[in-house]
Amino acid sequence: MAYNNDRRDNRRNREEEAPEFTEKVVSLNRVSKTVKGGRVMKFSALCVVGDGKGRVGYGLGKANEVSEAIRKGLEDAKKNICTITLSGTTIPHEVIGEFGAGRVLLKPAAPGTGVIAGGAVRAVMEAAGIKDVRAKSLRSNNPQNVVSATMVGLRSLRDAAQVAVYRGKTAEEIKG
């Protein structure tokens, strides 16, 4: 009888990949449900992972214990990693990311400016490896919506070469 051992190998490969990622817990939330015997506490953890070279992802983990919620959040974040377009140490252009009630304005900055952003946006930027950026959360301050809006904005970034291919021109024609 043949066994499928591929899944075990994939798990090992994922664990070997892990050290290259920086892991950050953006927010930890405790919720309680009142039942017949009293209150039942549960925890949710919003986590961000990134390699510092333009790959970043986020995830939400929920569990009865804090450590388990963080572990689940980090696993979810690693599954949802995407590659973003960078321009040196900053982003190629200004963008507004929207998700739910969250809206985040991201602006490129000159080298040496640093990451000027609030807590949730800062975690995503540092994990992605963006060193110079200015950001402002415009509406919601809910960390889940702010992180999601930041990710939507980062995914929508395009450099001149990508726009040129889309328009059927050269990068020099796009830059002007």
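Which residue in strand 8 is the bridge partner of Val-115? Select Val-133: in strand 8, that is the partner of Val-115.

Before going on, note that this is a predicted model, where local features need pLDDT of at least 70, side-chain atom pairs count only at pLDDT 80 or more, and totals for chains, interfaces and linings use all residues. Numbering starts from 1 along each chain as its sequence is written, and side-chain values use heavy atoms, without hydrogens or water.

**Strands 7 and 8.** Select residues 115–116, strand 7. Helices (H or I, at least four residues) and strands (E, at least two) are DSSP runs, numbered from the N terminus. Strand 7 pairs with strand 8 in the parallel sense, over two bridges. Pairing requires at least two bridges found by DSSP between the strands.

**Strand 6.** Now show residues 102–108. Strand 6 runs antiparallel to strand 8 (133–137), joined by five bridges. Val-104 sits opposite Ser-137 of strand 8.

**The core.** Select Val-56, Leu-106, Val-121, Met-125, Ile-130 and Leu-154: these touch the most other members of the largest nonpolar core, which has 26 residues. Such a core is a set of buried Ala, Val, Leu, Ile, Met, Phe, Trp, Tyr and Cys residues joined through side-chain atoms within 4.5 Å; buried means under 20% relative accessible area (1.4 Å probe, protein chains only). Helix 3 gives this core its largest share, six residues.

Notes. Buried < 20%, exposed > 50% of the residue type's maximum accessible area, 1.4 Å probe, protein only.
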